[in-house]
Amino acid sequence: MNGKKLEYKGEEALKEIERLTKHADEVQQNILKDILKQNGDTEYLKNYIKINEKCCSSDDIVAEFKRCVPVVTFSRIFPYIQRIANGEDSSLISGHKITELLCSSGTSNGKPKMMPSTEEDLDRRTFLYNLIMPIMNQYIPDLDKGKAMFLYFVKQETATPCGLPARTVLTSYYKSKHFKCRARDDPFNDFTSPDQTILCNDSSQSMYCQLLAALVHRRHVLRLGAVFASAFLRAISFLECNWLLLCNDIRSGQLNPIITDPSCRSAMTTLLSSPNPTLADQIDDICRRESWKGILCQLWPRAKYIEAVVTGSMAQYVAALEYYSGGKLPLVCTMYASSECYFGVNLKPLSKPGEVTFTLLPNMCYFELLPLGENGEVWTEAYGQDEEVPPCKLVDLVHVKIGCFYELVVTTFSGLNRYRIGDVVQARGFHNRSPHFRFICRRNVVLSIDSDKTNEQDLHKSIAIAKKLLEPYNALLVEYTSFADTSSVPGHYVLYWEIRLHSPNLNSTATATAALDFSIVLQDCCIAVEEHLDYVYRRCRAKDKSIGPLEIRLVRVGTFDALMDLIIAQGGSMNQYKTPSFPLVLLIELCSKN
């Protein structure tokens, strides 16, 4: 990282965290100066910062940056990224070579956002990864005495017109020398999954082999996890469907022929060196039990915690994780990161999911924060994505106020300048001089199951197209709401629709169903909605199969009126009333039945 040390281990890592956070203000100012020194001659910054006799010192340039450089969203930076993707020089936005474009889970015009990344960015990500285990060891000892069953996956990468790799940030890391050439003698790098299975592009074969390896090493596993809670639960669902096959492989010492990837076969053949009927029988006995409550502790009896993202949209999976662990394993969320930048770490990893906070590390990028609310209230209409933000409204990292809500704004070495991340966070306190935040939500996201993030506008557009299919039947979609149903795996979107028929005596769900063949019409509506949702949803739905089929549930005519009456009776404002989504959507079913 600009010539600075990359790897910190044990006590040295903890001391580095203390040093950075104690001097957060100074570190932040130096980071901004370093970024402007590196990127000051780029086309983008030269549009706003005019260096002359009156503006030539580093302090002058910083002041000019804060005064003149605008706060932007992706639409503002996209033309520059597109030009680089088409072959123009990295100096459009970065003083260092852009080596890859990272596909964000967010979208622009239905396509994944592409974020610039340099070789040095991998150093910064690795720096943060290396802090995790020293932090964890303060709370859970002897984690170096066994293996980690972390289920990691890559996705097929593409290339831009000029040949730059375009891939997810995790695929980038797993394919990098930082991961593949990691110290094998470090016990914290001892994973049950062979690298070949992690790097397999076929997610089904990768999942099969990684679970098989985890079962073979079941007596040595101390840590369970995946990046997202949704991915870990998908693995449990996969295990429920395939445990018999996995047991057969262990019993026979032969890998199932459904695994055709050569690298996976080579790695797993080595692992399955001989038949092990005793182990197979143990696993068989556990998986045959009537209830899978607590099965994780039965299959991996030495496991001490589950590591996964359980904040934001992933919070909906906490109950399921607690069910499968029998409530015996802490749910640990270790770090806060995005495709744009890695931000910080959880210094209290055993906090309950609803109390998780992340301390921002001041050396990762230059942080500013856009105020979005105070006194426990978020200003939901403040600074829309296309609304211009006066630079003077931004707050420096060390000057945030506890209890207030903010949106993260970052300036990075790879060429993002005052870029709005889109995350709503709440300042909950400080570690030394560096604040720690609770992640609240993504701005303008209505539904999310996996990496999909469907906003209100996109959902409305899709439904507006789908409801036209009702018109030939003189049917009108009066109102709707939605929620992400994760009671089964994979989760799926549920839309509650209230439909009125123009015919006067056909205004109940029962009579409407009698008049129309809703089994066909609503199925067509579901398909139409899904076809017009964005690329990430369609990929998760069709290719990754991490989202189940969208469902439309009809409610009785008058349901939404009854719901509104109920909420207003409980103190809601008619002027500010908005149809709620989950969990208040449960009231819709209640109102619909009455």
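**Entry 1: Asp261**

I began with Asp261, which is partly exposed, with a relative accessible area of 21%. For the record, buried means under 20% relative accessible area, exposed means over 50%, and partly exposed is in between, with a 1.4 Å probe and protein chains only. Asp261 sits in the loop between α11 and α12 (262-271). My element names follow DSSP runs numbered from the N terminus: helices are H or I with at least four residues, and strands are E with at least two. I set aside neighbours within four places in sequence and found Asp261 in contact with Cys200 and Gln205. Contact here means heavy atoms within 4.5 Å. I also looked up Thr197: 64 residues separate it from Asp261 along the chain, and their C-alpha atoms are 9.1 Å apart.

**Entry 2: ground rules and the whole chain**

A note to myself: this is a predicted model, where local features need pLDDT of at least 70 and side-chain atom pairs count only at pLDDT 80 or more, while totals for chains, interfaces and linings use all residues. Residues are numbered from 1 along each chain as its sequence is written, and side-chain values use heavy atoms, with hydrogens and water left out.

Of its 594 residues, 53% are buried. Among contacts with a separation of 6 or more, 70% are between residues 24 or more positions apart.

**Entry 3: the cores**

Which residues have the most contacts inside the largest nonpolar core? I found Leu224, Phe232, Trp300 and Trp497, in a core of 157 residues. Helix α11 (residues 229-252) supplies the largest share of this core, 11 residues. There is also a second, separate core of 10 residues, and Ala148, Phe150, Phe179 and Ile198 are included in it. A nonpolar core is a set of buried Ala, Val, Leu, Ile, Met, Phe, Trp, Tyr and Cys residues joined through side-chain atoms within 4.5 Å.

I followed up Trp497. Beyond four places in sequence, its contacts include Ile463, Leu470, Tyr480, Leu522, Cys525 and Arg553.

In helix α4 (residues 58-68), I noted Ile61, Val62, Glu64 and Phe65 as buried. They lie on the same side of α4, because they cover an arc of only 165 degrees around the axis. The arc is that of the directions from the helix axis to the C-beta atoms. These buried residues pack against α2 (24-39), α3 (43-46), β12 (366-374) and β15 (405-411).

Helix α13 (residues 277-287) came next, with Leu279, Ala280, Ile283, Asp284, Ile286 and Cys287 buried. They also share one side of their helix, since their arc around the axis is only 165 degrees. Their cover includes α10 (203-216), α11 and α14 (295-299).

Is Cys540 buried or exposed? Cys540 is buried, with a relative accessible area of 0%, and belongs to helix α19 (residues 535-543). Not counting residues up to four places away in sequence, Cys540 touches Asp450, Ser451, Asp452, Lys545, Ser546 and Ile547. Asp452 is 88 residues from Cys540 along the chain, with 7.3 Å between their C-alpha atoms.

Lys545, one of those partners, is in the loop between α19 and β22 (551-555). Lys545 is partly exposed at 49% relative accessible area, and has a positive phi of about 55 degrees although it is not a glycine.

**Entry 4: more backbone notes**

Asp142 has a positive phi too, of about 65 degrees, and is not a glycine. I found Asp142 in the loop between α6 and β3 (147-151), partly exposed with a relative accessible area of 44%.

Where is Pro490? Pro490 lies in the loop between β20 (475-485) and β21 (492-501). The peptide bond from Val489 to Pro490 is cis, with omega near 0 degrees. I jotted down the background: most residues other than glycine have a negative phi, and most peptide bonds are trans.
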